[in-house]
Amino acid sequence: MEIYLPVAEMSVNWLVIIALGTGVGFLSGMFGVGGGFLMTPLLVFAGIPSTVAAATTLSHVTASSMSGALAQWRKRAIDFAMAGVMLLGGMAGTLFGVWLFALMRRQGQMDLIVGLTYVIMLGSIGIIMLRESLAALKAYHGGAAPSRRLVNRGWIQSLPFKMRFRQSRLYISVLPPIGIGFCVGALSAIMGIGGGFIIVPAMIYLLRMPTKVVMGTSLVQIIAVTALTTVLQATSNFAVDIVLAGLLVSGGVVGAQLGVRAGAKLRGEQLRLLLALLVLAVGAGLAWQLVARPADLYSLAEGLP
Amino acid sequence: MRRALLALLLLIAIPARAQDLVSGISQDIIQITSSYTGTNIVVFGAIENAASSQSRDIVVVVRGPDEPMTVRRRDRIAGVWVNSDAARFEGLPAYYYLASTEPITRIASREALARYGIGLQALKPSAIGSHHDPEPFRQAAIRYHKRVGLYAESPGSIDFLSETLFRTRVPVPAGVTRGQYNVEVYLFRDGEVVSAQSTPLFVDATGLERRLYNLAHNAPLSYGILCVLMAMLLGWISSVLFRRQE
């Protein structure tokens, strides 16, 4: 059951890797996120070097998102105009992220920055989603229709360069989507994630896009950003392992399809509550790693920074 | 390539000779295939012209290619563990295995071992660091490699089949680096090396593993695009397959 990974230069149990891919793929399909924020820490836990884990996870995210996006596309639930505008920012963000990645590696502070970014991102997004979904569930059970508060739209409405997004039934400035795309592109390069757990809440709470088109549109954006980052990681860091990627992807695409079906059976608020709890759990685990005393105070990296 | 192989096979068939020591290895190429999970090689040899009264202290060292590495130390700053000091080493091997008839400090003095460069404590890489004393960083590098099974000292692991004939089994784990390794066999008498032999050992990938590794390093752009296309294709196939089932 062992298979040798040519770039990671180690052997792994391929059944474990496929199972990992399927499990994370299931969550991807269910929540419309790429799953990178789960996959990278899990691969590192399985003994894969962290650079290879982060870079190779991107392929898994591409495939899961592709599979999910096609399912959403058939339901006509993708806003391509919005995805295109976000991608403009996403490409610039990716290039910036790769540059920052190299800089942090030279300084030896990559683990810390990545860890802190994860904890802050996951913590704040998890808490916002948890509060919102609990309030929505309460309102649902109380018989009242969940109200859409428009308080945050104020400053976004006042920005210039407005554009009509038919699918999302929005008429807003292109600046917030470009900004979100930029942030996600940068985080993708640094953290080895697609950024779905940032795009999805940003689309729902910041842009106020209808939940129906959020999943498909975020997946299209994620495919483009992870594809670009994979190529950049392969050329600059030689960190993408195609055998590992093939195993993860094979499990991931099946899991994603099953996840989409499971997700269709749950209501939006319930989905968001589950995602919020998952995000908070991963965030708490990573926070613990930052403050707990490491087993060995010294760490080793191959190569010279 | 075939020619080089043939030449190597000939080298194995006629074990290199030194004054009092002949030795050989069971294979001089380790090929990494898709099912490679680590292997063992056998190092064997004989002491010639040995009177039974003389000591038979043998040390076998297998040393991998040197690999630059950076060791960082974490300190607690505001409750969070932060990398502070670092040391960069050049000249530390990626793999180091030592087998001996008894603990090497009983075979020779520390000074002699340092002079011959035998043993983990005799690994003296050149260091550039932000800290004035690189020694704890060097110890940490050795500790790390021991933990992952790439460095080991294994006293008492050399078997004598007769008065003069010996052999030992050297584990080569899955995480080894490709490149040229050296198998060194030392015969000690009264704490000094009286005879030594060195045989090269090659670790290389074959078949698909080799092609993928070469592609990833020689044509990274095509390789990256290949990865993306593979991911997209698999995503699309699964989507089509699952739609049929509906």
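**View 1. Confidence along chain B in the predicted model.** Among the elements of chain B, the lowest mean pLDDT, 47, belongs to helix 1 (residues 2–13) of chain B, and the highest, 94, to strand 7 (residues 96–100) of chain B. The model shown here and in the views below is predicted, with an ipTM of 0.79 and a pTM of 0.74. Chain B has an average pLDDT of 84, and 88% of the residues score at least 70. Over residues 6–18 of chain B, however, pLDDT stays under 50, and for this stretch the model has 13 contacts beyond four places in sequence. Where pLDDT is low, the predicted coordinates should not be read in detail.

**View 2. The contact between chain A and chain B.** Chain A contributes 48 residues to the contact, and chain B contributes 52 residues. On the side of chain B that touches chain A, the elements that give two or more residues are strand 5 (69–77), strand 6 (80–90), helix 4 (135–147), helix 5 (207–218) and helix 6 (220–245) of chain B. Helix 6 of chain B gives the most to this side, with 17 residues. Sorted by class, the side of chain B that touches chain A holds 31 nonpolar, 14 polar and seven charged residues.

**View 3. An open sheet in chain B.** Four strands of chain B, in the order 1-3-11-10, form an open sheet with antiparallel pairing. Strand 1 (21–25) and strand 10 (159–160) of chain B stand at the edges, and each has a single partner strand, so one side of each is left without a neighbour in the sheet. Strand 10 of chain B is joined by two bridges to strand 11 (residues 165–172) of chain B, and the two run antiparallel. Which residue in strand 11 of chain B is the bridge partner of F160(B)? That partner is F166(B).

**View 4. The largest nonpolar core and a second, separate one.** The largest nonpolar core has 147 residues, of which I198(A) and V59(B) touch the most other members. Helix 9 (residues 211–237) of chain A supplies the largest share of this core, 14 residues. Because domain 1 (2–205) and domain 2 (206–246) of chain B both give residues to this core, it lies between them. Leaving aside residues up to four places away in sequence, V59(B) touches L98(B), S100(B), I104(B), I107(B), I118(B), Y186(B) and F188(B). A second, separate core of 10 residues has M69(B), V71(B), L92(B) and A141(B) among its members.

Key
Residues numbered from 1 in each chain as written. Chains lettered and ligands numbered in written order. Predicted model: local features only at pLDDT ≥ 70, side-chain atom pairs only at ≥ 80, totals over all residues. Contact = placed C-beta atoms within 7 Å. Nonpolar A, V, L, I, M, F, W, Y, C, P; charged D, E, K, R; others polar. Pairing = 2+ DSSP bridges. Core = buried A, V, L, I, M, F, W, Y, C linked by C-beta atoms within 7 Å. Buried ≥ 20, exposed ≤ 12 C-beta atoms within 10 Å, placed from the backbone. Domains from an automatic or database assignment. pLDDT = per-residue confidence, 0-100.
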